[in-house]
Amino acid sequence: MPLHASDLQQRQSDLKSLQSQISKQASDLKDTNKQREKLVSLLKKDEQAIAAAARKVNETKESLAKTDKKLAELVQRQTKLDKLKSDQQETLSNQLASAYLAGNHDYSKMLLNQQSPATIERLLAYYQYLNNARMASITELQKTIEELSEIQLEQKQQQAQLNKLVLTQQEQAKELNQEQEQRQRTLTQLQKTMSSSGAKLEQLQIEEASLKRVVEQAITAMKSSPSMEGLSSSKKLSWPTKGRVRSGFGSRRSGQVKWKGVTLSAPEGQKITAIAAGKVIYADWLRGFGMVLVVDHGKGYMSLYGHAQTLLKNAGDTVNQGESIALVGRSGGQAQAGLYFEVRHKGQAVDPARYCKR
């Protein structure tokens with residue numbers, strides 16, 4: 001059936017309109033992608049600022065604990081010295097009383113009474129003993145008083161330091177809160193650009209690629225060392241932090257993308273510890289995983305810790321088993337606090353439950 005000219009024109013008009021819409025959507029998508037990349041970059045800066053502030057807060061917290069402990073030790077020492085001072089004063093008082101009573105026998109009386117030289121010698125030796133004991137007691141008492149004075153001065157200094165640290169901690173907590181509020185605003189804007197499932201899947205693929213690059217870098221950085229024994233599945237290790245499993249190893253993340261590690265729900269700021277001794281080979285922000293730290297344990301084994309609030313170690317640092325290396329956080333755009341934890345052998349992800357016990 002032949003087309004009328006008017007129908008043809010209408011079809012051409014519809015086609016142009018559709019092409020215009022496609023072009024506009026492609027342009028909008030490009031703009032959205034640009035906006036998303038800018039927001040991801042801003043999120044990185046926000047979370048790095050939070051990490052810096054949180055690290056300061058943690059350092060101040062540790063300093064407060066040390067100062068508190070020092071003050072407690074000083075108070076304990078002062079209590080002991082006060083008792084010692086009291087005992088020394090009583091001893092000296094008794095010695096002075098004995099010396100007074102013994103002093104009734106002077107040399108002239110002893111000679112006039114024609115006491116034997118042996119008796120006189122014994123009495124003189126007794127006087128000398130009393131005098132030496134009295135002088136020693138006085139010296140000990142003086143030392144105790146001096147030490148008490150020094151402790152009281154140190155207590156004042158430690159208390160002043162404590163007050164200063166408390167003020168510092170309050171200021172740092174305020175700074176941390178401000179950074180977290182800014183991060184939340186950025187995250188809200190970022191989530192608006194991720195409304196479609198296609199956009200979310202694309203981001204997951206980008207994040208997977210980012211993690212793959214880091215693992216490759218880590219493998220390159222790993223060097224065999226006789227001092228590092230790797231990990232043994234027969235010797236169970238402690239998990240890096242206490243928490244409930246939110247997503248298990250191998251569970252579905254989105255589409256065909258599966259988790260290569262375990263996510264543990266835990267309170268923000270809780271300590272994350274190294275599962276075994278090793279060397280830090282990566283410590284930085286990573287897209288989708290936030291503040292990430294990777295530890296080389298030797299023999300091709302590595303452990304990865306992500307979504308941290310802050311990292312307490314730097315690349316190149318050696319760590320001991322159970323040593324604090326980071327704090328639990330929400331970095332990487334997470335809404336809930338937790339730890340993302342991986343164990344890899346020669347680059348391949350393995351179930352952490354093979355090495356860590358509950």
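Strand β2 (residues 244-247) pairs with β5 in the antiparallel sense over three bridges. Strands, at least two residues of E, and helices, at least four residues of H or I, are DSSP runs numbered from the N terminus; two strands pair if DSSP finds at least two bridges between them. This is a predicted model, in which local features need pLDDT of at least 70, side-chain atom pairs count only at pLDDT 80 or more, and totals for chains, interfaces and linings use all residues. Residues are numbered from 1 along each chain as its sequence is written, and side-chain values use heavy atoms, with hydrogens and water left out.

Buried means under 20% relative accessible area, exposed means over 50%, and partly exposed lies in between (1.4 Å probe, protein chains only). In a regular strand the side chains alternate between the two faces of the sheet.

Strand β5 is also joined to β12 by four bridges, and these two strands run antiparallel. Here V262 stands opposite F341 in β12. F341 counts as buried because its relative accessibility is 0%. Leaving out residues up to four places away in sequence, F341 touches W239, P240, G261, V262, I275, S303, L304, Y305, P352 and C356; a contact means heavy atoms within 4.5 Å. The C-alpha atoms of F341 and K260 are separated by 8.9 Å, and the two residues are 81 apart along the chain.

A further set of pairings involves strand β11 (residues 324-328), which is mostly covered, with four of its five residues buried. Strand β6 (residues 271-273) is joined to β11 by three bridges and runs antiparallel to it. Strand β9 (residues 301-311) likewise pairs with β11 in the antiparallel sense, over three bridges. L327 in β11 is the bridge partner of K271, and L327 is also the bridge partner of T310.

Helix α1 (residues 5-102) holds N58. With a relative accessible area of 7%, N58 is buried. Not counting residues up to four places away in sequence, N58 touches K271, L312 and L327. K271 and L327 are the bridge partners named above for β11.

For the protein chain as a whole, there are four helices and 14 strands. Of its 358 residues, 37% are buried. Among contacts with a separation of 6 or more, 74% are between residues 24 or more positions apart. The accessible surface comes to about 21600 Å², and carbon and sulfur atoms account for 51% of it; the areas come from the Shrake-Rupley method with a 1.4 Å probe, and for residues only the protein chains shown count as cover.

On a 1 Å grid over the protein atoms alone, a cavity is a set of points where a 1.4 Å probe fits but cannot get out, while a pocket is an open set with protein on both sides within 12 Å along at least five of seven lines; lining residues have an atom within 4 Å of a point. Grid points are joined across faces, edges and corners, and a volume is the space filled by probe spheres set on the points. By this rule there is one cavity of 30 Å³ or more. In the table, Ala, Val, Leu, Ile, Met, Phe, Trp, Tyr, Cys and Pro count as nonpolar, Asp, Glu, Lys and Arg as charged, and the others, Gly among them, as polar.

| Space | Volume | Lining by class |
|---|---|---|
| Largest cavity | about 60 Å³ | two nonpolar, three polar, four charged residues |
| Second largest pocket | about 250 Å³ | five nonpolar, six polar, two charged residues |

The second largest pocket is lined by 13 residues, of which E229, G230, K235, A276 and A277 are the closest to its centre. The lining of the largest cavity consists of E47, I50, Q180, R183, E268, A308, Q309, R330 and S331.

Lastly, the backbone angles. Most residues other than glycine have a negative phi. K299 is not a glycine, yet has a positive phi of about 55°. K299 lies in the loop between β8 (290-298) and β9, and counts as exposed at 60% relative accessibility. K346, also not a glycine, has a positive phi of about 55°. K346 sits in the loop between β12 (338-345) and β13 (348-350), and is exposed, with a relative accessible area of 63%.
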